[in-house]
Structure formats: C-alpha cells, structure tokens
Amino acid sequence: MPFTHKLDLAPYLRSGGNTVALLVWHFGKQGFSHHSSGKGGLLFQADLQTGSTTTRLVSDTGWKHTVHPGYSNNTSGTQVNFRLPESNIHYDARAAAVMAGWRSPGFDDSGWTAPTDYGAAGAAPWNALVERPIPLFRYSGLKSYTNAASLPSSGQGATAISATLPSNIQVTPFLKVDAPAGAVIGVQTDHYDDGAGLVGIEPGTQYNVRATYVCSGGVQDFEPLAWMSGTAVRYTIPAGVDILELKYRESGYDTDFAGSFSSSDAFLDTLWTKAARTMYVNMRDNYMDCPTRERAQWWGDVVNQLKEGFYTFDTRSHALGKKAIAQLAAWQKDGGALYSPVPTTIWTAELPVQMLASVWSFWTYYLYTGDASAVTVAYPAVKRYLNLWSLDADGLVNHRAGDWDWEDWGANIDARVLDNCWYYLALDTAVKLADLSGNTADVAGWQSRRDSIKANFDRVLWDASRSEYRSPGYTRDTDDRANALAVVAGLATATRHRAVTEVLRTHLNASPYMEFYVLEALYLMGAATVAEERMRNRFAAQVADPACHTLWELWTKADGTDNHAWNGGPLYALSAYAAGVRPTEPGWTAYEAVPRTGTLTRIDTVTPTPKGDIRFRILRDGTQVTLTLTSPSGTTARVGVPTYGGARPVIKANGTTVFTDGSGTGGVSGLSQAGKDAAYVYFTVQPGTWTFTATGTGRLDDLALGRPVTGNNSLENADWGRNRLTDGTLRSVAGAKGCTSNEFTSADIGANPVWVEIDLGADTDLDAVRLFPRTDTPAAGGGTAGFPVDFTIRTRRDGSATYTTVRTVTGQPNPDGRVQTYGFRTTTARHVRLEVTRLGAPAADEATKYRLQLAELTVPTAATTVTANYTLENGDWGKTRVLDGTTTSVTGAKGFTSIDFPSADVRDTPVWIEVDLGADRAIGTVTLHPRTDTTAAGGGTAGFPVDFTLQTRADGASSYTTVRTVTGQSNPDGAAQTYTLTAASGRYLRLRATRLGRPASDESTRYRLQLADIGVK
C-alpha cells in the first residue's frame, strides 16, 4: 500500500522545454518503521494546465533511468543498525562525474535504459495507492553552524571537526572543499552511536546513519540526503584539504511551535522548552521513540507524544497522530493482537499494556482534534483486541503476557494494579468509540466489563493497612506508577487522594515514561506543589545539563538515549494542569481554563487548537489574582478563578463586579455564573478577551492570613487580640499591635503552657512557620519583648484530635525585631499550634510582667520558604532541612544536597539555594553548617562550597545584590563557618556556588553542594 505524494510543480517550470528528473532512493531492507516491498519502483503523474488545456504526463517506458554511479552500498566500517531501513551514504564523486548536469534539459541520457513497466496504478504490484496523509517535510536553506567563526579552514586529519548545531535537530550536513581526487571525508553527528554500551543493546547494533564522500579533484560540494540528528556534526577531513564551507540544512515535520509556556519559575520553563524540542526531533514521517537508535513508532511513546504535541505544535501536527492510529489498526494480526512499532515485519511482538494505552489515547485524539473519522475507523481493531482479554473470578482483568511482558522500565512494578487501570481506560474508550461509530449494540458489553473493574478495584487492590494500592501477593516497594494510574483512570476515589499523594511524595520507582502519569495524578488530586517538587527533584539533572537540549530516555543519561519524547510529561502537566487549559468537548468546542498554580505566581501560555489559539495568563500578586483569557470563535470556556482560601474575595470581569459576599452579582454580556467550590469561582464565557480580577484572595506566602485563631490565654482590647495574629499587619501599630497573652510572674510557664492555634480551613502541605516579633516597644534591657524562648510547633489534620510536633525550639535568642522562620519536614495539616513553655524578656514598660507577644504568625505555602535550582529530595535530604534547626547531619535530617555534578567547577550551571526570610530585614551574619554524617574523599567535610557568593533581594525586587564573595574557602573540617555581612538587608538570601568542595567518600566522583543547616542573624 504505497503512499502517493502531491507537489505543485508550477514554481519549478519555465517557459519552453522542461525536464522532469528524479533521484529515487530504494531502501532495499526492512526496518522498525518500514516494510520493504523488495523492489524499487516509481509512479509519476502530473496534470499540466496551460489556459484551458490540460496535458497529463505519466511515467512510462518512454522515460529513461539508470543507477546513479556515484552512490554505492559500501559495507566497510560500521553499518546502520537493523532497526533502521536506511543505509549509510557512500558517494564517490569521481564515479559520479558522468552524471554532471543530469538534471538539466540538455543532458545526454542516450546511455540510459528504458524502465520496466510493472503495471498500471492500482493494480499489482502497486495495489491500492494511499494519498500521503501528512505534509511533505520541511527543509530550510543552508545555515551556518553556531561556531562557524572558529571552524578550521583546512582538514584536521583523523581529528574530527565538530560543527555545533543550535539544538538537537534533524539535518543533512553540507560541505564545500577544494580537495585532491580520492580524498575521503567522513560525516556523522555526535549522536551517531546512541545506545552504545546499553543493557539490552547488542554491541554493534546501535549505529545510525553516517556518510562518506570520496572527492573528485578541485572545488566541489556535497550534501548527503539521508537525514541525521544530533547537537553537532563531525566532519573527518584529511589534512591538505581546503575547507571552503561547512553548513547544514535543517529538516523535519512541517509544523510550527505554536504553543508555549512560561512562568515565574525558570526551572520549569527550561523543562517545558526541552520537552518541546524533544518532541520535534522525534517527529518525521512517524512519531519516534528516538531519532537515532530506532526511529520507531512505539505506541507507548506515541500515547505521551500525542498529548504533548497538542500543546506544542500547530494543527498540521494532528495528521501524524491520525496516520499513527490508522497504521496501528491496519497492522493488526490475524488473531486480533495489536503490536508496535509498525509498519514492520521484523518486529511483531505484542506489548499488552502499551496496546491498552494506545486504545485509550484514541479518545484523547478525538477530544483534542474533533476528527471522528480518525478514530472510528479503528473501532473494529479495538473490538477485536479488547476481546482477547478476560476477567477473573474477582471481576478484575486477567494478566495478559503477550509477546513482551513489559509494563515499564525499572523495578517494583505492581502489574495487577497497572493491568486493571489500563484495561479500564481502554474499556472506557471502547464504550465511547462504539457509540461514536454507530456500534451501539456493543456499548452494554463494554460497560459491563468496565463497571466490574470499578466495583471490585478497591475491594481487591486497596491495602488499608498501608493506605495504598497494592495487589495481594505483591511484596516489593510501593509502586508509585500503579497508584498514580489509579487516579488517572478515575478508579481511585477522592477519599484515597490524600494517601496516594503521600505515596507519590515518597516513592520514586516510575521511569520517565510512567512519570508522565505520576505528574498528571498529582495535579488531578490538587497536589500541585507536590507535582512541582517532584519535577524539580526528578528532572534536575536534565535541566542542569547545558550540553543537552532534549530529555533523556531514562533517569541516568548514560543508561539510554538523550532524546526520548516519552519523557515529556512535564510539558503536558504544566500546560494542561498548571495552566489548566483542557478540552471538555471534542475539537475544543468547549474547554476549561482552571489553573492549578502551586507555587507559581505567573503563567503565560498559548494552546493551539482547531478553533484557533487560546491565550491564557495567570498573575498572582499578594491578595490579588488576575486572569486574562483570549478565547477563539466557536468555543465556550469554563473559567475557574482561584480564590486561594481568601475569606471574602471580590471578582470583576472586564471591570464589572460579578462576584462578592460569597455569591454572584451583576451581569456581563457573554458571561454566566457557573458555581463555586472551596478553591474556585467558576464562569462560562463566550469567545473574546476576558480579564478577571480577584481581590481578597489568599496569599502565597501566608496561608494563615485572615484565618481564625484560638488560644488558651489572651488579652483582648483595642490594640491586642488573638485574631490580630493573622490580620496581615507584620509590625505592631496602634490598633493592631498583635496577639498578647495575659501576664505571668516568671518566664518559665512549663506548668501552664500558652498556646495559640490557627485554623487554615483545610488540610494543606506545610513546611515552615514564621513569627513576627512585637515592634512597638523594646524589651527591658533591650531587644524584642515577649518573643518565645522555648516552644513547639504542632500540627493537626482535619478531623483528627491528635497533634504532631513538627519543630521544637529551645533557647531561642532574642530576635531584636527581626522576623524568624522555622522550617520542618513537609507535613499535611489544617491546624497549626504554637505552644510556649518559656517566655522572652518582658516589655520595658512592664519589666516584671512576662507575656507571649507576637505581631503576626504566618504560614507560607509549602516549597516556597526555601528554593533551589538543582535539589535532591528524599527521606534524608531536602531544601527546608536547612531551616529545621538541626545543625548536624542525622538520619532523616541530613540537610540540603544538590544533584551530583561530574566536576567541582559548576560555573556554567551555578548551584543556588535561597531562603525567604518573610519580610525585608537586616542580615548581619550567615552561618553555614557543613554536612557531618560522612567525610569527604581524602578527609574533611564533603560538599562544602569553595567559591560562592551571598546575595540578597528586597521584597518586590527582581535583581540581587551581592553582599559577600568567597573565593577558595578552605575545607571547614566539620566546623560551622560564619560570614559577616556589612549593611546587608533584604527579604531573600541566596547562596550561589560556582565551585564545589570535595565529594563524599562514598561517591568520590560526584560533586554536590551539601549543607546541614543555614543560620541567619
């Protein structure tokens, strides 16, 4: 079933005689994305219209052909691996001399022979012809390499010349040289041997395409027409050859990067951009797992790529998905099994759960494109395949091993949970496809199987003793991917979400392929900050890799290729969930814009759709949120305006108040009220540009703002009161001095502790509490009055009567008017209690009366108090542990560590960690407490920075001020190092390291920034 290709010849025709000259490449071998016909051939037809006259030109025996003598199948050296149908290019310009001018009208083709006529179009061996379903490839003009100015002017012999590309792209390299006849030039990219040394890849079967050019004498140029990919082209040019030009031509699928995502977080922006680049380099005439080792349409990859592509490219990209669906269905085995990659006959192994995922994705394709024909044509194949599966005595699906019993790379895979999730998703799609395709008689049968799994899933697979999904008999570490997929499938009810979130916070078994669904599950459960932290943790090494423009196949770069689009889950998660733009009806006739911003204060996104681009901006500033939506014609949008826990938000739409005092009000043409819940107020809007402004929303840096306060001992008057502890006034002023207890005769109140408690309204993630001291009068003897000395911070979940102590402070020094931040390991709670057993110095105007006195208590959103660009989070290490008061490294609280680097020199990718102090304040000293649990290789302290700066940033500012530069810091050998600052102030303190210290003795080649604690005074 050959594809036919249409091309408008008009731009190429000239008045008078014209010659049609074609260079045809018959691969002549099988591949993972190509089924060879075993014989080369050509069909050509052109309708040439001149005025009212149409002349048809067809290929026939009147044409002439020859085998181009410049090209040969050279079998010396490394060969293209068996997965690719292409061969190396070997071109001898000496032998090609007889072809000079062969594309010109006057060329003498008398020595060429007439071709063999194999038959008419549509008859054997051509059989049915199918019009090419995707655009012709895009080709650029010749471009200069980014390092063109430094490339040599003559050959370097055996030393390859590395010409740098602007990214990881598909190219055909070009050269122009002045060379003697017989000089041999080699051309390949830096990704030529992707897969070398990998487990499961037989040595010698990793190579992709390279080119060899044998020179004729004199000035000549050459461009091998077999595409390659990589970040640099390597030319091996003999000494004595003059290099006149080295350039490249970029090519690829004909689509534009129409989608975009940017935010207040540079890390996530880089991650999205790398995922987008990975997507494009894995598209050509089919979706690919990688553009080097295999170039194959593995459908597990395609499922992820489809979702990513809808947010990245214009709608021309949809044709590639439609083609993929058609091919998968067309290549179904006689027995009903589906397999991929296709089209191929040298790999026919069924991967059962990948095939279930494929079926599920058909409805996703329809939802995003509105193209019913693309998916209904596949329904018969879906029906045959799903009927190969059966249910067991528990009403759940039986495991199907297929030909390759694969669920994911990695360990700790709970196959039974995964099988049921995937089959449930596929059945749900079958229900919809049967109805859409007119096969309504099949609907009840699919529903019955689907409902059986729904009814029995929790009964069999929920482990109540562990609060997680775990199949009976499964004994290994909790499978995060299985728990996540239960959420994505809709099998995990909302009552399970808290427990599953904890699973996904602490277990890291999913490969990059299944991490896609872990991130989606976290956003679906409302755990946006956990999703962000997981991305920052798991993808840190890939974002930090300056030489790699794409995302890797596996978590360790050396274990796989470094350009696998199945790893693009963050792109989809950020666009579809963080920005919150997703279709709710096929073809985007209806969609939602419901952002889940987590710690982000700004998101700008463009989503390309068949109706036009959707532009959406979210800006969060203090207690105000602004949403700007441009919605295209033919759509209806449901917009969720986040209130972030604000007690009494007021919302305006295009300047008119539409929500106040807890209910809708006013009217705006094209807008209607659509309800509210604890997190959003919803509106339905018609096409156009809409600006929603919400005031009185919750603050990112203070979940406690305006929340109710209880306590066991407080003085209530015109200046003081419990509720003034959360009124947003950070300094003590007349009428709002803060919260004070009644007086005590002694600082020691251990027998009768004073406590205050804040109700945050709902369970939420917490990792820090800030105490703002009284500031209106000093303490007797100077300093701050009433600040607690010995105290605990305790939390309580919604509905629980039990408190958990998350931080104990003993001997707190007088803060001298400065806000104090207390970090702790992330916990989930609704109630936060401060319980004090020893009070600080009394106020100067009542020198014998001890009180607990605070201007404000704030609770920042988790993951905002301490931020870092390249962090590793696990049971021992975490960002907020630098503020937990533990100044030595102990199990469960070792401190902060970055990811590992191969060298101490990290100037190209400086490592930073930043502390939000809560408000602008003076900073006199910074103390860095080194890691103490293990020694460095060679002795001393591991991970302590050698070259670094301390920088500050004022509240509301965007630029940093360097307040201390340290160069050549000696190894502290376990001792804390204090750095005095002069006239420094700011809200934010950043440590930025450009040279790291010695690595730890148990990983002597891995350099990290590591600290037990950071003290700020």
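In this predicted model, helix α7 (residues 415–436) and helix α9 (residues 480–488) have axes that come within 9 Å and cross at roughly 25°. Because angles under 35 degrees count as roughly parallel, α7 is described as roughly parallel to α9. The crossing of these two helices is left-handed. On the α7 side, the contact is made by Val-417, Leu-418, Cys-421, Trp-422 and Leu-425, which meet Arg-481, Ala-482, Leu-485, Ala-486 and Val-488 in α9.

Helix α9 also takes part in the surroundings of helix α10. The buried residues of α10 pack against α9, and likewise against β14 (462–463), β15 (468–469), α11 (512–524) and α12 (528–538). Helix α10 itself spans residues 497–506, and its buried residues are His-497, Ala-499, Val-500, Thr-501, Val-503 and Leu-504.

Helix α12 leads in turn to α1 (residues 266–281). These two helices pack at an angle of about 70°, with their axes 11 Å apart. Since angles of 65 to 115 degrees count as roughly perpendicular, α1 is placed roughly perpendicular to α12. Here too the crossing is described by its hand: α1 passes α12 in a left-handed crossing. The residues that meet are Phe-267, Leu-268 and Leu-271 in α1 and Glu-532, Met-535 and Arg-536 in α12.

The structure holds 52 aromatic pairs. One of them joins Tyr-311 and Tyr-368 in an edge-to-face arrangement, with 5.7 Å from centre to centre and 75° between the planes. This pair links distant parts of the chain, as Tyr-311 belongs to the loop between α2 (299–310) and α3 (318–330), while Tyr-368 lies in helix α4 (residues 352–369), 57 residues apart. Both Tyr-311 and Tyr-368 are buried.

Another pair is formed by Trp-404 and Trp-406, whose ring centres are 6.1 Å apart and whose planes stand at 55°, so the pair is tilted. The assignment follows because only planes over 60 degrees apart count as edge-to-face and those under 30 as stacked.

Arg-620 lies over the face of Tyr-644, at 3.5 Å from the ring centre. Arg-990 lies over the face of Trp-912, at 3.6 Å from the ring centre.

Definitions and conventions:
Residues are numbered from 1 along each chain as its sequence is written. This is a predicted model: local features need pLDDT of at least 70, side-chain atom pairs count only at pLDDT 80 or more; totals for chains, interfaces and linings use all residues. Side-chain values use heavy atoms; hydrogens and water are left out. Rings of Phe, Tyr and Trp (its six-membered ring) pair if their centres lie within 6.5 Å; planes under 30 degrees apart count as stacked, over 60 as edge-to-face and the rest as tilted. Helices (H or I, at least four residues) and strands (E, at least two) are DSSP runs, numbered from the N terminus. Buried means under 20% relative accessible area, exposed over 50%, partly exposed in between (1.4 Å probe, protein chains only). A charge sits over a ring if NZ of Lys or CZ of Arg is within 6 Å of the ring centre and within 35 degrees of the ring normal. Axes are lines fitted to C-alpha atoms, for helices over the stretch in contact, and angles run from 0 to 180 degrees between N-to-C directions. Angles under 35 degrees count as roughly parallel, over 145 as roughly antiparallel, 65 to 115 as roughly perpendicular and the rest as oblique. A crossing is left-handed if the near helix is turned anticlockwise from the far one by less than a right angle, and right-handed if clockwise. Contact means heavy atoms within 4.5 Å.
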